[in-house]
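Trainee: Could we go through this model together, a piece at a time? I'll ask as things come up.

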Amino acid sequence: MSPACRVVVVGAGFSGIGMAARLRHMGFDDFVVLDRGHDLGGTWRDNSYPGAACDVPSNLYSFSFALNPDWSSSFPSQAEIWDYMRSCVDRFDVGGHLRYDHAVDEARWDEQAERWVVRAAGEEYVAEVLVWATGSLSEPEVPDFPGLRDFRGKVFHSAKWDHGFDLRAKRVCVVGTGASAIQFVPQIAPEVQHLYLHQRTPPWIVPRGDRPVSRLRKLAYRRLPALQRLSRLRIYTIFESLLGVFVGRRERTKTMVRKRALDHLRKQVPDETLRNKLTPHYEPGCKRLLLSDDYYPSLSLPNVEVVDVPVASFRTASRGPSTSSSWGPASRPPSRRTPSTSWAATASACPNGGRPRAWRRTRAPPWPASRTCSS
Ligand SMILES: Cc1cc2nc3c(=O)[nH]c(=O)nc-3n(C[C@H](O)[C@H](O)[C@H](O)COP(=O)(O)OP(=O)(O)OC[C@H]3O[C@@H](n4cnc5c(N)ncnc54)[C@H](O)[C@@H]3O)c2cc1C
């Protein structure tokens, strides 16, 4: 028989766990959270590459209803964020609602029964409400470059970091200079023999200013949660004020960000040729604004080369007189390739095979009429 419940939540990342916690808070007990993974955490379960951390300070990057006075620093690591999520599951007692290894492969709206029928792990869950919390960055994608399939070295996406593979003394090629690459490049650069960093467009980068949280501050946050709320509000206000960089015509904000970023680049990269390569030639805000204090210095290491030509294809490159050969992008001959983050951002955007019709017609009495969406 199909398990029947009030609410099915798909995804046990921040969104799914937050939903579960609030459902419990509102007195709902009749719900399940289905996740295809072996554990909770979503982004913070999957992205364990060296240096993985949040880039929004954790006093804001955490649940408003579950402040954590024990963050070790302003931008804690993936492991610490993942632990925090686990602690929230315990704190709100939602562990019993989580079902792992439950990949949802179909969600359809049964018109007659006015219920969702959600199929996962060979079972059909029937629910009044379906909450789709699968995230937009949960489907890593390696572009299908011509020639890549014939590559005989190791290839992996940053979201599926192979911790069993030793990068030391290897020639490594990183494709991309986005938010993940700028975190792991400084970590691996000192260890590898040579690092080729393929950059299509340089990102705008401003200082990160990560700082450990002192014991006194932790104590103050514990005793006076309002202080941490104040810090949260401050970070929120600063980040919201940066919105002018992305939308609207707040030229003053853009000018301020441009100056901050260019000063940062000038201070951290003394070599003019490298600096020119790393200088963005587009308006701040066209791409995500990044924060880092150790990315630029790592690019000045003698074994690091910034290749500012986009990767178009892979081809065989001779390694000398012997018959052996390696493969590499463009004219470079690296023997290992670590593509940086690229995501199929809309892959799991909605149920019903991407057709949201049933979604729009959801009616779940006695759900308040104002909260239902009619077609
Ligand atoms: C490396 C990285 C760093 C980031 N850093 C930040 C940051 O600092 N600040 C910030 O604001 N944002 C950051 N983000 C964005 C981040 O994804 C969101 O902040 C947030 O974690 C998303 O949570 P989510 O629950 O919506 O999705 P996710 O965390 O992606 O979780 C989705 C879950 O759905 C599950 N799922 C997907 N499809 C199915 C299916 N068909 N059936 C069952 N389960 C399924 C997945 O297994 C996963 O567990 C970062 C993203 C990445 C990749």
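Trainee: How many residues surround the ligand, and which are the closest?

Mentor: There are 28 residues around the ligand, and the closest are Gly11, Gly13, Gly42, Cys54 and Gly135; a residue is near a molecule or strand if its C-beta atom, placed from the backbone, lies within 6 Å of it. This is a predicted model, in which local features need pLDDT of at least 70 and side-chain atom pairs count only at pLDDT 80 or more, while totals for chains, interfaces and linings use all residues. Residues are numbered from 1 along each chain as its sequence is written.

Trainee: Which element gives the largest share of the shell around the ligand?

Mentor: Helix α1, residues 14–25, gives the largest share, with 3 residues. Helices (H or I, at least four residues) and strands (E, at least two) are DSSP runs, numbered from the N terminus.

Trainee: And how many of the shell residues are nonpolar, polar and charged?

Mentor: The shell around the ligand divides into 12 nonpolar, 13 polar and 3 charged residues, where Ala, Val, Leu, Ile, Met, Phe, Trp, Tyr, Cys and Pro count as nonpolar, Asp, Glu, Lys and Arg as charged, and the others, Gly among them, as polar.

Trainee: Back to α1, then: which strands does α1 lie across?

Mentor: α1 lies across β1, β2 and β6 (123–132), and runs at about 145° to β1. The axes are lines fitted to C-alpha atoms, for helices over the stretch in contact, and angles run from 0 to 180 degrees between N-to-C directions; two residues are in contact if their C-beta atoms, placed from the backbone, lie within 7 Å.

Trainee: In what order do the strands of the open sheet come?

Mentor: The open sheet has 6 strands in the order β3-β2-β1-β6-β5-β4, with mixed pairing. Its edge strands are β3 (98–99) and β4 (104–110), each of which pairs on one side only. Two strands pair if DSSP finds at least two bridges between them.

Trainee: What does β1 do in there, parallel or antiparallel?

Mentor: Strand β1 (residues 4–10) runs parallel to strand β2 (residues 31–34), with 4 bridges joining them, and β1 is also parallel to β6, through 6 bridges. Val10 can be followed on both sides, as it stands opposite Leu34 in β2 and has Trp132 as its bridge partner in β6.

Trainee: And how do β5 and β6 run?

Mentor: Strand β5 (residues 115–120) and β6 run antiparallel, joined by 5 bridges, and the bridge partner of Val117 in β6 is Val126. The hairpin of β5 and β6 has 2 residues between the strands, and there Ala121 takes a positive phi near 50°, although Ala121 is not a glycine.

Trainee: Why is Ala121 called partly exposed?

Mentor: Ala121 has 14 other C-beta atoms within 10 Å, so it counts as partly exposed. A residue is buried if 20 or more other C-beta atoms lie within 10 Å of its own, exposed if 12 or fewer, and partly exposed in between, with C-beta atoms placed from the backbone.

Trainee: What about Asp101, buried or exposed?

Mentor: Asp101 counts as exposed because it has 12 C-beta neighbours inside 10 Å. Asp101 lies in the loop between β3 and β4, and has a positive phi of about 55° although it is not a glycine.

Trainee: Changing topic, how much of strand β8 is buried?

Mentor: In strand β8 (residues 194–198), 4 of the 5 residues are buried, so the strand is largely enclosed by the rest of the structure. β8 pairs with β7 in the parallel sense over 5 bridges, with Val172 opposite Leu195 in β8. On another pairing, 4 bridges join β8 to strand β11 (residues 304–307), again in parallel, and Tyr196 has Glu305 as its bridge partner in β11.

Trainee: Where does Lys287 sit, and what does Lys287 touch?

Mentor: Lys287 is found in the loop between α9 (272–278) and β10 (290–291). Not counting residues up to four places away in sequence, Lys287 touches Thr201 and Pro203. The C-alpha atoms of Lys287 and Pro203 are separated by 7.1 Å, although the two residues are 84 residues apart along the chain.

Trainee: Last one, how much of the protein chain is buried?

Mentor: Of its 375 residues, 31% count as buried, and the secondary structure of the protein chain comes to 11 helices and 14 strands.
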